[in-house]
Amino acid sequence: MSDTQTLIENRPPSVATLFVERVDATPDREAYRYPVPPASGEGPDDWRSLTWSQAAERVYALAAGLIRLGVEPEQRVAIASSTRLEWILADFGILCAGAATTTVYPSTNTEETAYILADSQSRVLFAEDAEQLAKVRERRSELPDLAHVVLVEEGDAVPAEGDPEGWVLSLAELERRGRARLAEEPELVRERVAAITADQLATLIYTSGTTGRPKGVRLPHDCWSYMARAIPATGLVTAEDVQYLWLPLAHVFGKVLTAGQVGAGHITAVDGRIDRIIQNLPVVRPTYMAAVPRIFEKVYNGVAGKAREGGAAKYRIFQWAAGVAREYARQAQENFRRTGRWRASFGLTAKHAVADKLVYAKLREAFGGRLRAAVSGSAALAPDIGFFFSGAGIHILEGYGLTESSAASFVNPGEAYRTGTVGKPLPGTEVRIADDGEILLRGPGIMEGYHGLPEKTAEVLEADGWFHTGDIGELSSDGYLRITDRKKDLIKTSGGKYIAPAEAESQFKAICPFASNILVHGADRNFCTALISLDEPTIMGWAAEKGVPGDSYAEVVASKEVEQLVDGYVQRLNEGLQRWQTIKKFRILPRDLDIEHGELTPSLKLKRPVVERQYADLIEEMYSGAREA
């Protein structure tokens, strides 16, 4: 047995144990960085730090405070907040109290928030601000188990008429109560941690789903303890890394990064404000970060848009450099696969050096100049975009996992990464491909089941531990996995042909620098159509440059000029598709798809049924009276 396998198999029973061990091992090392906006509201943020021992002081106080509120082992404590330092501290406080965290997106509406809190029987809620408090206050009669609401923003911890005594308190007050309890019983939290077993519930994450009520995924402590050991074992992160964490921590992808940090012991700079990413990167200067494909698509479109605004010559240079980057990455990755050396032909290497000075170096600097690797997950990354960043020296390591598998099941292995695949399984995770192409997983990261839904659990989890992912994929002879589509998203046309819409959608995003979202439709139809939304800043910049009339996005995208522009990209897409896959007709949507209208999940995945229902009239219009071959 290798040292890596021994380390993983001999993991502690809980991630709370790992947190205590991390604090004891490296108490004075920096653990977290977090921004404090200026009091005036103007100017740059002041970034501050916590060491592991300073973080532990707050975590243990929160744990003791929860115990003082009467929270028992495995009882649920919810967090409804954006990504910020307090989210992480509250989560570890919950876990160190022996309780289990229920995650709630701050964007979740009142009705669904109440459903999640009621279904999970959450006893306490950490609410970020008055907006989150208002949601539960409105539905308090439906939440008999919710005994307390703890406000992260202290100024919002204001009781209202009708609130039970002590129902609302601030995070600072909870910490104060916890410190008082620890003064009486100094070993209280460590005793709670020592009593946690591997199969004890740690986290309840409700899948956003595309239809019906969300399902609560039960992840025991052993899932996170495994992830904390397995992620560093891949070599992906080390103790010397600086991670920039902005992903929603209510999502399993964000949550697993907190476990990986405890395992590796590196620094995490945390700030969930998406509109601050571009400003934060040069300040934080991360060596490692994770993101969803939409972020990389936006960066690519933004760079292309700026080059276009700089004039025809500058745009031609960018297009040339982008082509060189893609070809260089393809050659270098193939050479590495065959020889173990990252290199391209002499002529291409010379072109690459010129393009690096003109384009790539500035792009790397925008990411902080030290980015060793970026992990992309949650959805498929268009290969052309992956190759572009790879050739530019920003190495995007695609990974794969689900809420039900604690997020990280596969990841590309460092220099040996292959764009277009999600890499190899984490040490200790098994994979096999079923006869129908479905990916099956088994290992310590797999969920216990769906909360209170044994029938739903039995549909996806076999008695011997194999989990049915619902994704279709292919394994290479040396173990790299390529996802081809969601099993349930495969389209069967009326002509009997099966089509993977995600494949065409991904290709279109790589071809069209104006694209934001696209949905390919064609189930039980005799040809395929598409609904397309465009990136507003990029298309508005193009429209101004070309003199296209219209003051708003909706007016601009309704113009014949924009329709002709998009049609050109659709035709380019069709050139690379089989005849039955081609897009015969399309419509440009009057606004982009978003989370607020329920068309995207919080991790920016497309909710196909919602979009198809919302724009049923446009879909029918494309098929009305049409008889395409």
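1. Alanine 407 sits in the loop between β14 (396–400) and β15 (410–411). Helices and strands here are DSSP runs (H or I of at least four residues for helices, E of at least two for strands), numbered from the N terminus. Alanine 407 is not a glycine, yet has a positive phi of about 80 degrees. Its relative accessibility is 11%, so alanine 407 counts as buried. The cut-offs are these: buried is under 20% relative accessible area, exposed is over 50%, and partly exposed is in between (1.4 Å probe, protein chains only).

2. A word on the source. This is a predicted model, where local features need pLDDT of at least 70 and side-chain atom pairs count only at pLDDT 80 or more, while totals for chains, interfaces and linings use all residues. Residues are numbered from 1 along each chain as its sequence is written, and side-chain values use heavy atoms, with hydrogens and water left out.

3. Where is glutamine 121 found? Glutamine 121 is in the loop between α5 (110–120) and β5 (124–127). Its phi is positive, about 55 degrees, although glutamine 121 is not a glycine. The relative accessible area of glutamine 121 is 42%, so this residue is partly exposed.

4. Next, the overall fold. The chain has 22 helices and 26 strands. The C-alpha trace spans about 75 × 60 × 55 Å along its principal axes. A compact globule of 629 residues would have a radius of gyration near 25 Å, and the chain agrees because its value is 25 Å. That radius is taken over C-alpha atoms, and the globule rule is 2.2 Å times the number of residues to the power 0.38.

5. How much of the chain is buried? Of the 629 residues, 55% count as buried. Take the contacts in the chain with a separation of 6 or more: residues 24 or more positions apart account for 67% of them. Contact means heavy atoms within 4.5 Å.

6. Look at glutamine 333 in helix α13 (residues 312–339). Glutamine 333 counts as buried because its relative accessibility is 8%. Its side chain makes a polar contact with the side chain of serine 390 (3.3 Å). A polar contact is a pair of N or O atoms within 3.5 Å; within protein, one must be able to donate a hydrogen and the other to accept it, and residues adjacent in sequence count only if both atoms are side-chain atoms. Beyond four places in sequence, glutamine 333 touches residues including Trp342, Phe387 and Tyr417.

7. Leucine 519 belongs to strand β24 (residues 515–521). At 1% relative accessibility, leucine 519 is buried. Outside four places in sequence, its contacts include Glu505, Leu531, Leu606 and Val611. Alanine 502 is 17 residues from leucine 519 in sequence, with 8.3 Å between their C-alpha atoms.

8. Last, glutamine 279 in helix α11 (residues 277–284). Glutamine 279 is partly exposed, at 39% relative accessible area. Its C-alpha atom is 27 Å from that of alanine 90, 189 residues apart along the chain.
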